[in-house]
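Here is a friendly walk through one structure, with a few helix contacts and a look at the domains. Please have your viewer ready.

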Amino acid sequence: MAEAILTRLLASQLYQPHTLLVSEPQAPRRSFLAQTYGVKVTDDNQQTLEGTEAVLLAVKPQILDKVVSQLSLEGVGDHPLILSILAGTPLNRLETAFPNFPVIRVMPNTPATVGVGMTAVAAGTQVQPSHLTLAHAIFGAVGEVVEVSESLMDGVTGLSGSGPAFVALMIEALSDGGVASGLPRAIANQLAVQTVLGTATLMKETGLHPGQLKDKVTSPGGTTIAGVATLEEKGFRSAVIEAVKTAHRRSQELGK
Ligand SMILES: NC(=O)c1ccc[n+]([C@@H]2O[C@H](COP(=O)([O-])OP(=O)(O)OC[C@H]3O[C@@H](n4cnc5c(N)ncnc54)[C@H](OP(=O)(O)O)[C@@H]3O)[C@@H](O)[C@H]2O)c1
């Protein structure tokens, strides 16, 4: 995820390569990152805190304590903004780990890797408006950004965090339906992906409500309303609603 964000930050020219420092424990990865992106690299996490405006914390949540225990935080002068993308790791835990640092909890999603991500940010107690502006600029480079209170982060995780998997399932099922109707797999995949992309783009660009769009494409006694009726009969909408709610609950459980 950090590499995806890095590539977008460079592509958007928000930062020049030589102004970015990547801390990475493995030497081959350090060489790869330095050669591929022209960024500075280190294996010393402490260096990321010295003289920097923001630190993107992107390790696995289970090694947070180990990583923080190896830092010496008291001597750090100007406290950089800590941007944590650690799933399920609450602000109070991050603020305890980084006392007196401004901390923003961030939930990006996988489409960030291609610049169409959806990121939610929740601000900690030390955060100033300038920190939020910076967070919007950084995550704006990988898609859209929305600010929420931390209590909504598990809901965000259930929808935009887990959502790409739900949509992938829908695309796969559309494609399977096409193959079942006699289409070659490659064509069925192309039709399914482009249909989902096109529908999302149409709704985004026109501001159409999903129900309005459905009404526009369902002619009386036609093919689409027959398919819609089947989806309703099989509980499609209810299944999607329950999937988001279950992912929300799981995120709450993992955060405990
Ligand atoms: N993937 C997603 O879609 C997604 C979405 C939202 C949030 N997140 C969050 O993003 C974070 C990263 O997830 P990921 O999927 O990108 O995992 P990942 O590929 O395993 O990335 C973790 C990175 O941390 C590095 N690392 C390990 N130990 C370190 C240390 N002591 N100091 C500094 N760096 C260290 C790893 O380096 P090596 O590989 O060389 O060990 C690796 O580059 C997680 O907290 C996850 O919850 C991910």
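## Helix 1 and helix 2

Helix 1 and helix 2 cross in a right-handed manner. Keep in mind, as you look at this pair, that the model is a predicted one. The contact draws on E3, L6, T7 and L10 from helix 1, and on R29, F32, L33 and Y37 from helix 2. Sorted by class, the residues of this contact are five nonpolar, one polar and two charged.

Two packed helices are described by the angle between their axes and the distance between the axes. For helix 1 (residues 2-11) and helix 2 (residues 27-37), the angle is about 20° and the axes are 12 Å apart. Angles under 35 degrees count as roughly parallel, and helix 1 and helix 2 are therefore roughly parallel to each other.

## Helix 7 and helix 8

A second pair to bring up in the viewer is helix 7 (residues 163-180) with helix 8 (residues 185-206), which pack at an angle of about 135° with their axes 8 Å apart. Because of that angle, helix 7 is oblique to helix 8. The crossing in which helix 7 passes helix 8 is right-handed.

Which residues of helix 7 and helix 8 make the contact? On the helix 7 side they are V167, I171, E172, L174, S175, D176, G178 and V179. Helix 8 contributes R185, A188, N189, A192, V193 and V196. Taken by class, the contact of helix 7 with helix 8 comprises eight nonpolar, three polar and three charged residues.

Is T157 buried or exposed? Its relative accessibility is 13%, and the cut-off for buried is under 20%, so T157 counts as buried.

What is T157 in contact with, leaving aside its neighbours within four places in sequence? The contacts of T157 are M107, S162 and S251.

## The two domains

Zooming out, the domain assignment of the protein chain gives domain 1 as 2-154 and domain 2 as 163-254. Their C-alpha centres, those of domain 1 and domain 2, are 34 Å apart. Four residues from domain 1 and five residues from domain 2 take part in the contact.

How values were computed: Residues are numbered from 1 along each chain as its sequence is written. This is a predicted model: local features need pLDDT of at least 70, side-chain atom pairs count only at pLDDT 80 or more; totals for chains, interfaces and linings use all residues. Side-chain values use heavy atoms; hydrogens and water are left out. Axes are lines fitted to C-alpha atoms, for helices over the stretch in contact, and angles run from 0 to 180 degrees between N-to-C directions. Helices (H or I, at least four residues) and strands (E, at least two) are DSSP runs, numbered from the N terminus. Angles under 35 degrees count as roughly parallel, over 145 as roughly antiparallel, 65 to 115 as roughly perpendicular and the rest as oblique. A crossing is left-handed if the near helix is turned anticlockwise from the far one by less than a right angle, and right-handed if clockwise. Contact means heavy atoms within 4.5 Å. Ala, Val, Leu, Ile, Met, Phe, Trp, Tyr, Cys and Pro count as nonpolar, Asp, Glu, Lys and Arg as charged, and the others, Gly among them, as polar. Buried means under 20% relative accessible area, exposed over 50%, partly exposed in between (1.4 Å probe, protein chains only). Domain bounds come from an automatic or database domain assignment.
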